[in-house]
Amino acid sequence: MTGIEYSDFLDLDYEPVDTDLVCTFTLRPGEGMSMEDAAARVASESSNGTWAELQVEAGVTELSATAFDLSGNTVRVAYPEALFEPGNMPQILSCIAGNIMGMKAVDSIRLEDCEWPEAIVEGFAGPQFGSSVATELLSAHGRPVTATVPKPKVGLHTESHAQIGYDAWMGGVDLLKDDENLTDQVFNPFEERVARSLELRDKAQEETGERKDYLVNITAETDEMLRRAEFVADHGGKFVMVDVVTAGWASVQTVRRRCEDLGLAIHAHRAMHAAFDRHPDQGVSMRVLAQISRLVGVDHIHTGTADLGKLENEDTAGINDWLQSDLYGMNDVLPVASGGLHPGIVDELINRLGSNLIIQAGGGIHGHPDGTAAGAKAFRQSVDASMEGISLAEYAETHPELKVALDKWGTQTPR
Ligand code: CAP
Ligand code: MG
């Protein structure tokens with residue numbers, strides 16, 4: 001037997017090994033604590049220690065985490081891979097973002113970043129399609145995919161909702177998307193909406209010669225999500241959408257498995273992410289939420305608009321780079337820019353984020369003075385102009401829908 005106490009979890013000179021999961025935390029020590037004291041308690045509580053000194057069997061200490069690389073309010077913690085159950089995201093998060101988030105030893109703590117070792121990555125399915133949806137499932141060759149969410153968010157009846165989808169597809173948008181809080185309500189029942197929208201999608205595909213599709217929000221209790229995914233596949237849809245934070249990571253893993261059988265791509269909406277990532281001192285960063293999303297296997301995820309939209313953003317470009325970087329051969333994730341976008345800021349958005357992207361607009365299409373069909377045209381025109389390297393103002397001279405949009409919204413970022 002050997003004793004373990006807090007000081008055993010701190011080794012400022014520790015050099016992580018390839019098999020460690022390394023997490024970067026920002027923390028503010030509790031009253032009367034040094035950074036070293038607080039960091040050691042974080043490593044202890046998130047691996048195999050507790051407040052009391054313990055006598056443990058030989059071998060147990062091999063599972064201990066080590067706090068190291070302390071600088072200002074930042075510390076890195078290395079976790080040995082044997083601490084984790086392969087493929088179990090809730091278990092991993094109960095370690096690295098669990099009790100430590102509320103311990104008195106820290107006034108605040110935020111999980112900023114993770115460096116994932118190969119063995120942990122291999123335990124997860126990862127995205128089935130990732131960026132390849134743009135050309136494998138849609139006709140977006142060499143340009144961003146475009147998407148639209150009907151507004152108002154909820155309240156539209158099935159026929160009007162589907163008709164808005166049709167108008168948007170006809171105007172040049174690739175994807176119709178359900179809003180995050182539209183699932184199966186009385187005013188717009190799930191099955192009717194899916195059946196009718198996919199019928200109109202087929203019509204729009206025939207009429208435009210472009211592949212079109214529908215991001216169907218299946219968010220619900222897990223078994224019900226699986227049933228809804230099957231319904232989408234049975235009706236010829238190729239995409240489902242899940243509110244991944246509110247639904248929970250374990251349920252996304254289950255949905256991912258079924259979507260492989262069904263050949264469906266998963267669009268991740270991140271509603272509620274800001275409860276974790278908005279406070280700069282506390283919680284879990286969007287970067288880490290995006291990493292988790294890639295591991296559990298979503299194909300697209302909302303990552304913000306690089307400060308061009310209506311919502312607060314955290315380092316959209318850096319997160320997108322991570323989503324598209326190499327991760328032991330795991331597929332990438334196609335990032336989604338959304339929230340307050342309209343034609344007048346699309347060129348700058350592409351400038352900041354590149355074109356391997358889904359660009360999504362609700363109000364910026366349906367709020368067009370001449371309605372959805374014109375709004376969709378204006379939106380697509382703004383994408384085409386940006387890809388051709390022509391200024392929006394110049395393109396608008398020969399594209400009246402874009403001109404009307406620019407006259408209305410200019411190049412302002414809405415609030
Ligand atoms: C956008 C949106 C999306 C947000 C989500 C909305 O509508 O449908 O849910 O983009 O935020 O409900 O606000 P608008 P994020 O185009 O009308 O703004 O993408 O940052 O996760
Ligand atoms: Mg929405």
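## Largest pocket

The largest pocket holds about 700 Å³ of space. Of its 33 lining residues, R270, K310, L311, S338 and G339 are the closest to the centre. A pocket here is an open set of points on a 1 Å grid over the protein atoms alone, where a 1.4 Å probe fits, with protein on both sides within 12 Å along at least five of seven lines; lining residues have an atom within 4 Å of a point. Volume is the space filled by probe spheres set on the points, which are joined across faces, edges and corners.

The model is predicted: local features need pLDDT of at least 70, side-chain atom pairs count only at pLDDT 80 or more, and totals for chains, interfaces and linings use all residues. Residues are numbered from 1 along each chain as its sequence is written, chains are lettered from A and ligands numbered from 1 in the order written, and side-chain values use heavy atoms, without hydrogens and water.

Helix α10 (273-277) gives the most to this lining, with three residues. β15 (358-361) and α14 (363-366) each supply at least two. Helices (H or I, at least four residues) and strands (E, at least two) are DSSP runs, numbered from the N terminus. By class, the lining has ten nonpolar, twelve polar and eleven charged residues. Ala, Val, Leu, Ile, Met, Phe, Trp, Tyr, Cys and Pro count as nonpolar; Asp, Glu, Lys and Arg as charged; the others, Gly among them, as polar.

## Second largest pocket

This pocket holds about 180 Å³. Its lining has nine nonpolar, two polar and no charged residues. Among them are L93, M101, W249 and F276. Domain 1 (8-121) and domain 2 (130-409) each give at least three residues to the lining; the bounds come from an automatic or database domain assignment.

## Salt bridges

The count is 28 salt bridges, each a side-chain nitrogen of Lys or Arg within 4 Å of a carboxyl oxygen of Asp or Glu. K153 and E180 pair at 2.4 Å, N to O. K153 lies in the loop between β7 and α5, and E180 in the loop between β8 and α6, so the pair ties together parts 27 residues apart in sequence. E180 is buried at 17% relative accessible area; K153 is partly exposed at 33%. Buried means under 20%, exposed over 50%, partly exposed in between (1.4 Å probe, protein chains only).

R201 and D213 pair at 3.2 Å. R201 is buried at 6%, and D213 is buried at 1%.
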